[in-house]
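Dear colleague,

Please find the structure below, handed over for your records.

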Amino acid sequence: MKFNLKNSFSKELPSDPILGNNRRQVKEACYSYVTPKIPSNPSLIHVAPEMLENLGLSEKDSETEAFLNVFTGAQILENTKPYAMCYGGHQFGNWAGQLGDGRAINLAEVEHDNLIWTIQLKGAGETPYSRSADGLAVLRSSIREYLCSEAMHHLGVPTTRALSLSLSGDKVLRDVLYNGNPSYEKGAIVSRVAPSFLRFGSYEIFSARGDKKTLKTLVDYTIKHHFSHLGKPSKDVYLAFLKEIANKSLEMVIHWQRVGFVHGVMNTDNMSILGLTIDYGPYGWLEGYDPNWTPNTTDNVNKRYRYGTQPQIVLWNLFQLANTLFLLVEKAKPLETILKEYRDDLDVAYLKMMRSKLGFMSENKADCVLIEELEKNLQLSETDMTIFFRNLANLKKADAKDWLKVVGKAFYEPIEIVDNIRLKWADWFAKYAERLQSEKTTDEDRKAKMNTINPKYVLRNYMAQIAIDNADNGDYSTINELCQLLKKPYDEQPDNKKWFVKRPEWARHKVGCSMLSCSS
Ligand code: AMP
Ligand code: MG
């Protein structure tokens, strides 16, 4: 196992002069050197073959003792010095001060096929940023991150990736519902990979401390390595930097809305500077279409991070980043303009995405109204988002009256018995079919196109939970089954039809399926 090491982050940025894992405030530094915890009895559960290839590794490499040791923290790669990154963040709307990699440790930055990848262990022990926690991760949340990050990638959503999932062999104490009933769970480690794990909070920490010098060093580093096409750093380039982050973040959140993904904890420390979906915690997938839904029980009262507000929360987070960059730009107006443009671009991007979900290739002024009516109708009774849009592609332009046969499976309660709901849907489908008349495409072409936008298979909350329950009993086959299934989320996969169903009733109120907390 040989890597082409780059390590520009640790070579070019200031480090914390103190070594050791004790908790502390780290000033004027972007990271601290740390040593991963040696796991007591590590074992590999799963490896993502594509990510292996991206890193220039073979399947044979993944079967070696060295692979197991390196990706569980038992052994440190030659010529590398693992480190934890320092960052801050706004959590649930409030400045939270220093956070940092409390349970993530960067192993190395490697180059392969002209791409740079940072490899990070999640759950490999405490760091200076662990605050009151243990730096560890449990099997259930590690399975959720492992499965979902790969599922998102194959759905075409920008995301950090996963390389391997392992057990540490250690026991970890967790209070799943924060109700005073902690119990021991299996400890696990995910190795995850991204071009960079820098977050909005990585920059905010320096502006919050008035440390303009380190802020500039980090922004200039980021531009040099990840936005080099913007040119040499200057005030104008800092503006272009924000603009590009706004564009990338918009693209990411529009994908979330398209596939029905709810992140659950969109704090600024969980916003990637590269517009990648990052830090899979109490995320969830919309089953019944409900803009007010959040899977995160910690956010149950205010529902700040509910499905419907995700694009606005990105703007709120960009506002914090703009505030930080103000220190370098020293003019508010152009920063405000970028935020305003985000708002305008959001409307355009959302409309474009919804048109594509509905199979419209052309644009019609009245599409906004049709889409608004659709969003209202989807909430008349519990309606499965994935099944509705996937099956919608089967409607024939000339046969609007067949609508109930086409999308009927998406309704959790039979709607044919509820007059007012049925009539509203019939009305909407009449308008939809009429709108389709103005499309030049054939029914078949439209269906083929829609099936590349509306996935057939997503990682429904109960699916991940089945994989977790089986894994807890030592059976990892569901993890593998779901990995295979979710590699081709837009394909029909007739043999896998059992996963193209509404959420089963047993999962409606089950912890882990409909209720999740940050306790991972
Ligand atoms: P999250 O909401 O999971 O992204 O985490 C927010 C902050 O808490 C980050 O600084 C994490 O590193 C830290 N954190 C979360 N869980 C743990 C843990 N088990 N041990 C140490 N730090 C943690
Ligand atoms: Mg985080």
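I begin with helix 6, whose buried residues are covered by elements including strand 4 (88-91), strand 5 (94-98), helix 7 (212-226), helix 8 (235-259) and helix 9 (310-329). Contact here means heavy atoms within 4.5 Å; helices (H or I, at least four residues) and strands (E, at least two) are DSSP runs, numbered from the N terminus.

As to conventions, this is a predicted model, in which local features need pLDDT of at least 70 and side-chain atom pairs count only at pLDDT 80 or more, while totals for chains, interfaces and linings use all residues. Residues are numbered from 1 along each chain as its sequence is written, chains are lettered from A and ligands numbered from 1 in the order in which they are written, and side-chain values use heavy atoms, with hydrogens and water left out.

Helix 6 spans residues 200-208, and seven of its nine residues are buried (under 20% relative accessible area; exposed is over 50% and partly exposed in between, with a 1.4 Å probe and protein chains only). The buried residues are Phe 200, Gly 201, Ser 202, Tyr 203, Glu 204, Ile 205 and Phe 206. After the helix comes Gly 210, with a positive phi near 70°.

Met 271 lies in the loop that runs between strand 11 (261-262) and strand 12 (284-285). Because its relative accessibility is 2%, Met 271 counts as buried. Leaving aside residues up to four places away in sequence, Met 271 touches Leu 198, Arg 199, Phe 200, Ser 249, Met 252, Ile 278, Val 314 and Asn 317.

The magnesium ion (ligand 2) is coordinated by Asn 270 (OD1) and Asp 279 (OD) at 2.0 to 2.1 Å. Donors are N, O and S atoms within 2.8 Å of the metal (3.2 Å for Na, K and Ca), and since water is not among the atoms, sites may look incomplete. Both coordinating residues are buried: Asn 270 has a relative accessible area of 11%, and Asp 279 one of 13%.

Aromatic pairs

The structure holds 29 aromatic pairs (rings of Phe, Tyr and Trp, the last by its six-membered ring, with centres within 6.5 Å; planes under 30 degrees apart are stacked, over 60 edge-to-face and the rest tilted). One of them joins Phe 388 and Phe 429, whose ring centres are 6.3 Å apart and whose planes meet at 50°, so the pair is tilted. Phe 388 belongs to helix 12 (residues 385-392) and Phe 429 to helix 14 (residues 419-437), so this pair ties together parts 41 residues apart in sequence. Trp 403 and Phe 429 form a stacked pair, with 5.2 Å centre to centre and 15° between the planes. Trp 403 is buried, with a relative accessible area of 7%, and Phe 429 is buried at 0%. Ring pairs link these residues into a cluster that includes Phe 360, Phe 411 and Tyr 432.

Domains

The chain is divided into domain 1 (8-197), domain 2 (201-356), domain 3 (365-450) and domain 4 (461-507), with bounds from an automatic or database domain assignment. The centres of domain 1 and domain 2, taken over C-alpha atoms, are 22 Å apart, and 42 residues of domain 1 are in contact with 43 of domain 2. The area buried between domain 1 and domain 2 is about 3500 Å², of which carbon and sulfur atoms give 62% (the accessible area, with a 1.4 Å probe, that two parts lose on being put together, summed over both).
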